[in-house]
Amino acid sequence: MLQSIRKTLKKYNNFFFNVGMIITLVFFVLAVVGCFYTPYNTTEMNVALKNSSPALAHIFGCDNYGRDIFSRVMEGIRNTFFISFFTVMIGSLAGIVIGAISGYYGGKLDEILMRINDVMFAFPSVLLALVIISLFGSGTMVVTLALGIAFIPSFARIVRSEYKKQAALDYVQSAKLMGAKDIRVIFVHILPNILPVLVSSVMIGFNNAVLAEAGLSYLGIGVQPPEASLGRMLSEAQSYLFSAPWYALFPGLAIVFMVLGFSMLAEGISAAKSR
Amino acid sequence: MSLGSVKASYIPDSPDILVSGREITVSFSDRNEKRTTVLDGLDFDIYRGEILGLAGESGSGKSTLAKTILGMVKYDSGRLYVGADKPQMIFQDPYSSLNPAKKISWIMQEPLRLGTNLDKNTRKQKVSEMLSSVGLSDEIGDHKPNELSGGQRQRVCIGTALMRNPELLIADEPVSALDVTVQAQVLELMKSLHKKHGFTMLFISHDLRTMYNFCDRIMILQKGKIVESGKPDEMYRNPKAEYTKLLLESAGISSGAV
Amino acid sequence: MLLEVKDLTIEFHDHDRPETVVENVSFSLDKGEILGLVGESGSGKSMTAMAIAGLLPRKKMKKSGEIIFEEKNLLTLPRNDLRGLQGDEIAVIFQEPMTALNPTMRIGRQVEEALLLHRNMTAQDRKNRAIKYLKAVELDDAERIYESYPHELSGGQRQRVMIAAAMINRPKILIADEPTTALDVTVQAQIIDLLQRTNKKLGVAILFISHDLSLISRITHNVIVMQNGHIVEQGNTDEIFANPQNDYTKKLIAAIPKVELN
């Protein structure tokens, strides 16, 4: 057991994976800790500290209401992280089911599902999410659901093409001849074989979700104030870009590094897989 | 779609017949809706316990006939009797016929998981017995297919196909992807398992040399039609159809030669 | 002696440990000879042939020994001089006629390629010569095939086109790497027949690589048996098949399905 863990670690021991893992772990810890604890109350205002620059007490400085930016960045990371996580969950799970059915059965069903998919795919995912939000109102739950639905088509498409490839292989015929029911063939026999592709598209999907969530919050339709969000902080910081540049800098860096960490992790995994 | 259950659109007159077809016609339509006839009114019988060779070149319809018997392809017209429950198949390419994500032991247990109520330990016991009867060691079970050679994989495929003692085994060019010395070993294994288990085998090949010693009877298929059938020795010595003569000549087999 | 291979050793260096795929292989090829190179997968037979054809990558592998052709060592020859020989003095036909031809180029253009690179000829002369060679490989309707694309031809026709393209410069050596494995048996026999007649008529030496011993025994003059990168036995084909000395050769010959009609 220990040996197999060591073997796995050795396999993934490359620059991209290591750095990506460290960055991602840092963000994960910040997100989890952010659920229970932030150095300062994220909504507490202090006029005396309005737009104060980074200092020991407030390492990222304070915003235009005198709130601690570090605490708000932590909360923003927490929100972005979990919204993105559930977005990808919804998108990939629904995508797997739709893509698998479409690719495995083919024929008319595939035709219908993929045309619906194409229609959804034709909308930029943020636009599609906007439509859903305008129908159901904003708020964290609705944003997550809207982004999740907007992410289904891209997953469905990838999963479908993988299932089409796998379904043509002899081992699938062999499983059918043994008497395996379709549902078993789809999820027990074929699914493990498309996991590598799925893992890398989930990683890319997560990054897109981070950016989409930040974009929506920037437009003011994501997470609602006074709750902190990285996108909204950026949009508010615009007015103080010269008087308090740290207000834009730190949320911006948080987004950049979150995406960078995941991209490197994905790169490292695919490098290890292709070796 | 349920594959491989006993189905009959007619009952043959002799109880010795396991599979029988009368005027079986299969055609496919391509993208332009043009229909191509792949099997053109075939009459054939497969007798219980025999090894029937099915020879022909690409496009002769030999794989389609196998798929028709297995119920993977629908026939347009004719009558088909398949008296074997859950016939199994061994494929040509041992690299795509084993699930790359699963361990050998898991793959070989699958027929038992699906068709019996045996518990895990009994299943493992059966797999280990089967591994040894196809000439593989027990520890092969812990490996994944990509760690095995072509010959080992094909042995695993044969073992998996035999897990539930099928009455009919269809082998579609089972050795043509293997090295020559490995080919001989795998053929020998199939022959001895046939003797031991007494299943009926449909052996599809393009290699008339291999079929000579391996098959009890040979059917020559050309463009969806059976042009000749009979015992190998008689057929090779005295081929009746022009096409059979051409095939034998191409394989370097002329009367009396090696 | 047309070609001499002396102590050829090929090592791969693209993994953690270097891997020797061919070790101390020596043999020679005479003018007009058909030499068979037999072995199973991993025997190094294709690597040896690719080394002679100059088709091995320059990086990540170490080659030692000599391949002497017309007093030149092909292993150390500068890249441009080697290109001058390829397709001119030494030609290759591959196993897979489906992928060996460029699907976007007309057959005529591909058959003429070697002329275009190595000969100074007018377009009309090239075309005449290409059609002459397409006729020589027994393609009826050579003019139509000259204008066709690969996907319009059958597997057998494509392999004939490959042979025409390989022979058009009258090479001294033709390397045939499993040229019939992907073809149907009856087509296989026709292609073999064509290669044998080309060998007789034009005197080209053929290095015939195959795993099919029955085929090798029928067409080659001499044979080399390889296993795990080594030559285990070489000599006259008839003698070796009648009286093999090496155990592995015996095993290979025993693996040919025997057809003894009584």
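Student: How many bridges join strand β1 of chain C to β2(C)?
Tutor: Seven bridges join β1, which covers residues 3-12 of chain C, to β2(C), and the two strands run antiparallel. Please keep in mind that this is a predicted model.

Student: Which residue stands opposite C:Ile10?
Tutor: That residue is C:Val22, which belongs to β2(C).

Student: What is the order of the strands in the open sheet of chain C?
Tutor: The order is β2-β1-β4-β5, four strands in an open sheet with antiparallel pairing. The edge strands of chain C are β2 (19-29) and β5 (72-73), and each of them pairs on one side only.

Student: Let us turn to chain A. What does its secondary structure come to?
Tutor: Chain A has ten helices and zero strands. Its C-alpha trace spans about 75 × 50 × 30 Å along the principal axes.

Student: And how much of chain A is buried?
Tutor: Of the 275 residues in chain A, 43% are buried.

Student: What share of the contacts in chain A with a separation of 6 or more comes from residues 24 or more positions apart?
Tutor: Such residues account for 70% of those contacts in chain A.

Notes
Residues numbered from 1 in each chain as written. Chains lettered and ligands numbered in written order. Predicted model: local features only at pLDDT ≥ 70, side-chain atom pairs only at ≥ 80, totals over all residues. Pairing = 2+ DSSP bridges. Buried ≥ 20, exposed ≤ 12 C-beta atoms within 10 Å, placed from the backbone. Contact = placed C-beta atoms within 7 Å.
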